[in-house]
Structure formats: C-alpha cells, structure tokens
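Colleague: I am new to this one. Please show me the structure, and then I will ask how you know what you say about it.

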Amino acid sequence: MQEPYTTFRHHLQYAPVFECRVLHDYFPGGQCRVLEISPTPETSASLSGLGLLYRPLPDGFLLIANASRDWANPVYQRPAVFDFSFRVKDPQFIRYTNIPYRSGQFHVFDSQTGVDGALHPGAFVDEVSLTEADTDGIGGLIRVRHEANAPILPGAREAAPPVPETSRVRYIRFLPREAYVRYLFYSKSLDEEATKNFFVENFVINGVLHMFTLPRHTSMRDGSPAFEVLSQNPISLRQSYEAQGFLRRKRMNRLPFEYRKLLPMPRPENLVQDPQNGLYICNIPVKL
C-alpha cells in the first residue's frame, strides 16, 4: 500500500529594495536593453549572505528582500557596497550614443553621485564617469552603496530618518548622439549644371523642419559624378523616426514630369567623425 504524504507550501513575500533602470532616448519608449548586467562574484556572495535576491530586467535589475524576515538586527545597518559589472552588447552603441567616440571605455556609476536619481554626476552619461582601464568595448561597474544616509536594507531604513520611496529607483541615462546629415546623390548621367536643379524639401523629423545647403557638385570614390547636400543643423539619432524628406528637381522643358524621391533617414552605420573639426556626420549615398 502506498504511504500517504503531505505537501508543505511556503509562501515568501519579497519586496524590491533597490531598482536600477537604464534609459536612452534613442529607443522608442526610452528603455535601453543593450546592457548585460550581473553581480560580481564578491557581490553575489554578499547578497546571498544577506538574503537578498538579484533579478535581471531587460533594462536594468532589481534587488529584492524577504519582507517577512526580521531585519532589525544591527548587522543590517552596517555600510556595504555591491558592485555589478556590465557590458554593452550592441556594436553600434558608440555611434548613436553621446559618449566619447572611442573604443575601450570603462564607466563607473555610483549610487552616491548624481541628482534626480542618476547614478552619474551629470544629467546624462559623459566622460566624467570614465576611468582608466585596459578593456575592450564599452563596459564598467554599477556601484550600489548601502549607507546610513541612503540605506537599501529594510531594517536600516527603519532605523534611519525617513527616506523617500523614490530613492529606491536609480537611473543610468544616455543621450542620443547628434549628427549632421549629408546626402550623396550619384548617377552616371549627372553633370555639374544639372545638379543646380535639385533641392531637398519638407524634411521633417518629429515635427521639426530641417533645412539643407544648396547642391554641391562632387564625385564618388569610383569617380562617378555626384552632388551633395548637408543639413544646416545636427539631427538627433533615433532607432525609428516620425519623419519624411524628399529630393525634388525643378521642372524643365525637356523633362515634363516632376522628379521626386523619398529620402532615407540617418542610421548609426552611416556615422563618421570629421577628423578636422570633430563634427559627427551621417553620410548617406542615394542613387538617382
């Protein structure tokens, strides 16, 4: 005969004690999901010893604690530092993000710095958070401090002066890079006189009208005749745009039909930095 058995179910209530979110206006909705974040081995051991759980999020991570645990012990009021390593997994990140334009970057974000919930001194990530490190790609550390003036553990929060609940959520904010847009129009039948009949019109991005220079005759690398136009102001790069722009040609007697071509929008892979003036430019070739 089969022995009877009893099933015990333990209900543990966990609550967030710290939340990190990575934001970037390049992406629709502002959520940046291209950082891989994980606790360092030392931090993993510390979290386990304290009974904290690490939970990754698509755009950051959570630290959660057992709400039914007795956190009144003074051991939970001792200062502690938790480090989380990260790396950027998108190779185009450096092109569409307003950070120093070089490889091998190591940033340190610290919960002790910044205002308005930021983990960096400025409103957005910049060169200030960079440190010297021999590394490939873009990565770094996110440092979360548990201290008397900014506790994250429940028991220490009760012992400390009242802390706003919003202090549990901290942010890493990236700003999109701005670049001038240069269109290179090419065709085997182009001549310098014909380029004067072309112009860009109705180039609107997110409700803002952008103007371009008059056409300038040039040539492609293979020697094909071409002409170029350059935006008069830089444009903020986006993963997707509410935008449109057209190349038009003035109507001529021997060409009774009006020429009108929809223009492609700038992409990170089009971006280069001008070595002479340091400006960022998106070069976009367009066949006529």
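Colleague: Which residues have the most contacts inside the largest nonpolar core?

Modeller: Phe61, Phe84, Ile142 and Tyr183 do, in a core of 60 residues. One caution on the source: this is a predicted model, where local features need pLDDT of at least 70, side-chain atom pairs count only at pLDDT 80 or more, and totals for chains, interfaces and linings use all residues. Residues are numbered from 1 along each chain as its sequence is written, and side-chain values use heavy atoms, with hydrogens and water left out.

Colleague: What makes a set of residues a nonpolar core?

Modeller: Its members are buried Ala, Val, Leu, Ile, Met, Phe, Trp, Tyr and Cys residues, joined through side-chain atoms within 4.5 Å. Buried means under 20% relative accessible area, with a 1.4 Å probe and protein chains only. In the protein chain, 40% of the 288 residues are buried.

Colleague: Which residues does isoleucine 142 touch?

Modeller: Among them are Cys20, Ile37, Phe61, Phe84 and Ile172, leaving aside residues up to four places away in sequence. A contact means heavy atoms within 4.5 Å.

Colleague: Why are E3 and E4 called paired?

Modeller: Two strands pair if DSSP finds at least two bridges between them. Strands are DSSP runs of E, at least two residues, numbered from the N terminus. E3 and E4 (residues 60-66) have six bridges, so they pair, in the antiparallel sense. Leucine 57 stands opposite glycine 60 in E4.

Colleague: What is the order of strands in the open sheet?

Modeller: The order is E3-E4-E1-E8, with mixed pairing. E3 (52-57) and E8 (169-174) are the edge strands, because each pairs on one side only.

Methods
Helix = DSSP H or I, 4+ residues; strand = E, 2+ residues; numbered from the N terminus. Buried < 20%, exposed > 50% of the residue type's maximum accessible area, 1.4 Å probe, protein only.
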